[in-house]
Amino acid sequence: MKGIEQFQHQLHYSVYPTKKFKTTTCLVSFAAPLSAETVADRALLPFIMEKSTATYPSIELFHTPLEELYDTNLYAGASKIGKEHVIQFQLEVVNDHLVGEDVLSQAIELLEDVLLRPNAYDGAFQPLIVEQERRLQRQRIESVYDDKMRFAQQRLQEMLGGELAIPSLGTLEQLDHVTPKSLYAAYQSMIQHDRVDIYVVGDVNREQVEQAFNPLESLGTRRPRLLPEASRGEFKRLEEHQDIKQSKLHLAYSLNVDPRTEAAIRMQVVNGLFGGFPHSKLFMNVREKESLAYYAASQYSSLSRKLFVYAGIDATKKQKTEQIIEEQLNALQAGEFEDETLQQTKELLFHQRRQLGDSPRQLIAWMSGADVRPFSLDEEMAIIENTTRDHVVALAKEMELEAVYCLKGGEA
Amino acid sequence: MKLDFPNVGETLHHHVLDNGLSVYLLKKTGYEKTFATFTTKYGSIDRRFKLEDWIEVPDGIAHFLEHKMFEKEDGDVFQQFGRQGASANAFTSFTRTAYLFGATSKISENVQTLLDFVQTPYFTKESVEKEKGIIGQEIQMYQDNPGWRLYFGLIEAMYETHPVKIDIAGTIESISKITAEDLYTCHQAFYHPSNMALFVVGNIEPDEMLALIRDNQAGKSFETPRLSARETVYEPTTVRLSERVIEMDVSVPKVMIGYKDVPQAGEAGLKQELTVELLMHALFDTTAPLYTELYAEGLIDDAFSFDYTSEETFAFAALSMETSEVDAFVGRVTEALERPLQLSQETLDRKKRMMQGQFLKALNSPEFIANQFSRYALNDGNLFEIPTLIDAITLDELYEAYERLFRHEQRTVCIVKKP
């Protein structure tokens with residue numbers, strides 16, 4: 001994206017000054033190595049921190065000034081990104097000139113309050129909020145069971161092991177060990193040892209950003225991003241039963257493609273032909289031609305070097321669906337696809353990239369992945385443009401089926 | 001007609017073509033993407049209507065028709081959009097069916113494709129039969145979704161006769177009766193340009209776009225509109241059932257509390273919608289006294305949400321929560337809503353600022369503008385008047401809305417829990 005300014009003090013900044021939005025969006029991101037020991041604390045921490053601060057020590061008191069500032073959104077979240085665990089604090093503020101008031105600087109002060117002056121005393125977060133949020137987190141972990149697509153994908157990832165197997169919220173057992181004190185320790189570790197990055201998109205300039213975020217300059221440690229290594233396990237298969245109407249079939253293919261290379265960009269073309277779009281082989285053949293599934297699609301995860309396929313099917317059609325999915329991959333490996341379909345896939349990938357610039361959140365998400373993808377947006381488009389049939393065939397041949405999980409409904 | 005809205009920083013072009021089609025164009029400077037919606041005022045509730053005679057069609061047909069519009073003699077329209085670099089989609093609600101695309105290139109081609117495919121019905125016996133399998137799967141998938149079951153369980157318990165109580169997709173049984181002829185009838189009745197709105201927003205030149213749309217429409221001939229009436233049913237203000245329990249294998253019980261409101265049409269309906277939304281923010285946001293109390297008791301958390309649905313012929317408020325203490329939650333909320341309202345001018349002013357901010361933020365999204373503007377336009381309103389309407393809300397109006405809406409006999413509780 002043209003126009004992004006990057007600079008570094010103690011923290012690393014990426015700023016995209018633009019007047020096209022009604023808002024200015026800021027993201028402060030804290031990244032640490034992913035580990036099963038810390039994930040439960042770190043996953044709960046943002047839910048606690050976004051609720052109150054020492055200055056505004058209850059939800060009601062803290063949310064009142066946010067409402068007053070034209071519904072400034074300040075929310076925090078945690079996610080697994082490859083081998084790292086990332087906690088993010090995002091601020092979205094209506095532009096000053098639209099409301100004729102200085103909203104942004106007041107909102108950034110509230111964000112800094114959250115990060116620097118949490119609602120904690122004697123090395124522990126406020127017990128009432130911790131208790132409520134822990135109960136809620138328990139429900140979130142349990143509710144994965146209600147979302148059968150997520151449940152099936154989680155089970156598949158557990159079969160694959162490594163980082164993928166660590167549930168992003170931690171387990172119920174790990175959650176039992178989370179306390180107001182352990183959360184405070186996780187907070188201390190986060191502000192001292194995490195890699196801290198700041199992203200801003202909106203009607204701002206570099207000086208404004210430097211000045212506004214100066215109070216955060218003492219935070220964090222600069223350390224390089226961790227990337228998962230290539231891994232390819234033994235083939236595994238698992239089938240489980242639940243009382244559901246629609247069965248879920250999830251597959252994982254492993255492939256040895258470094259996420260920082262041109263090949264990883266080209267893999268998006270392969271994924272697009274296979275199951276990433278409505279014109280893809282999976283959609284056309286599994287869903288449309290054979291009427292085997294309500295949905296059948298694929299997703300490429302470059303960081304974990306896997307390609308996932310998922311389908312919602314009738315329990316009796318499991319074998320047939322699996323067979324047809326395999327036939328689609330075989331066809332890709334044999335180069336059996338139209339030139340026109342290849343071009344169409346590229347067009348949609350171009351479209352995805354061009355439209356990034358229209359959404360502050362998507363822009364920031366793209367900016368935050370830039371250190372893993374060493375190409376500019378224009379370079380990525382050029383790589384997609386010159387991806388040939390031979391590239392696709394070679395990469396499709398890299399794909400090896402590693403795990404099959406089926407959550408079956410109907411009669412056991 | 002060019003309309004300036006300086007308080008939101010947008011300029012809108014509006015034209016009604018000779019055939020009755022309403023065209024709205026909005027240039028978003030600096031945006032890469034163009035987004036277009038082509039919407040008909042036709043949804044799942046339109047099951048009985050009058051052409052020359054009264055006709056009743058199978059439940060779920062508006063949604064079925066939406067699916068089938070994409071299939072043509074020479075292939076699938078999704079693919080054609082794809083070849084033109086666009087991603088297309090469509091949705092059916094209670095009152096509208098919308099077809100849309102987003103694209104960053106070949107905008108003229110894509111707008112033509114959108115107009116042409118929606119205005120060229122093509123249904124065969126075979127393709128209609130095949131679709132029944134696909135939609136049957138979709139209906140089954142929704143049957144496994146606790147959130148969907150809860151929502152429709154609530155509406156079904158609230159309404160006696162109004163067709164809003166019927167699932168948008170229909171049932172496997174009702175769609176089995178749909179024929180190609182039925183689809184042609186519905187298309188003719190509801191897809192006339194005079195019953196539709198086209199909204200194009202993004203990287204466009206309004207004058208050029210208007211010329212293109214005019215040419216496209218001038219090249220087609222349409223019969224005079226045949227739709228002369230839609231069925232209106234008598235619906236009491238009180239609810240059909242006060243409680244409904246659905247048994248499903250869920251880890252945490254889900255509950256929805258619904259309050260049935262008296263619907264209003266046109267601008268009065270839009271004003272009522274904003275007034276009730278503001279009222280609900282004042283009552284249920286995290287800064288409200290009720291929220292603070294329930295949070296301390298462990299009865300409310302981030303899983304809580306609220307929503308107001310308002311259309312010409314039906315309106316209701318819904319509060320939704322996941323909790324293992326359903327009875328306590330419902331008891332505390334109901335009890336609070338049966339007490340007289342206490343609301344300060346200060347809270348009203350803060351909530352107004354909050355809603356103004358929410359609206360301005362939403363204008364970042366061309367998708368929001370196109371979808372919501374079309375909804376407003378088909379209800380004779382103008383989306384960009386929202387800031388003015390919000391500004392005009394008074395404390396008295398909030399008290400009136402509270403008195404009208406939160407009555408015991410208008411309340412339904414729906415619960416999804418383990419057997």
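Modeller: The bounds of the domains used here come from an automatic or database domain assignment. The model is predicted. In chain B that assignment gives domain 1, residues 2-230, and domain 2, residues 243-417. Taken over C-alpha atoms, the centres of domain 1 of chain B and domain 2 of chain B are separated by 28 Å.

Contact here requires C-beta atoms, placed from the backbone, within 7 Å. On that basis, 34 residues of domain 1 of chain B are in contact with 30 residues of domain 2 of chain B. On the domain 1 side, at least two residues each are supplied by strand 2 (10-16), strand 3 (22-27), strand 4 (34-40), helix 5 (146-158) and strand 11 (196-202) of chain B. Helix 5 of chain B gives the most to this side, with eight residues. Sorted by class, the side of domain 1 of chain B that touches domain 2 of chain B has 20 nonpolar, eight polar and six charged residues.

The nonpolar cores of the model can be described next. The largest nonpolar core has 186 residues, and Leu183(A) and Ala36(B) touch the most other members. Helix 9 (residues 266-284) of chain B gives the most to this core, contributing nine residues. A second, separate core has 53 residues, among them Tyr310(A), Ile313(A), Ile384(A) and Met399(A).

Leaving aside residues up to four places away in sequence, Leu183(A) touches Asp41(A), Leu44(A), Leu45(A), Ile48(A), Phe125(A), Val130(A) and Val178(A).

Terms used
Residues numbered from 1 in each chain as written. Chains lettered and ligands numbered in written order. Predicted model: local features only at pLDDT ≥ 70, side-chain atom pairs only at ≥ 80, totals over all residues. Core = buried A, V, L, I, M, F, W, Y, C linked by C-beta atoms within 7 Å. Buried ≥ 20, exposed ≤ 12 C-beta atoms within 10 Å, placed from the backbone. Helix = DSSP H or I, 4+ residues; strand = E, 2+ residues; numbered from the N terminus. Contact = placed C-beta atoms within 7 Å. Nonpolar A, V, L, I, M, F, W, Y, C, P; charged D, E, K, R; others polar.
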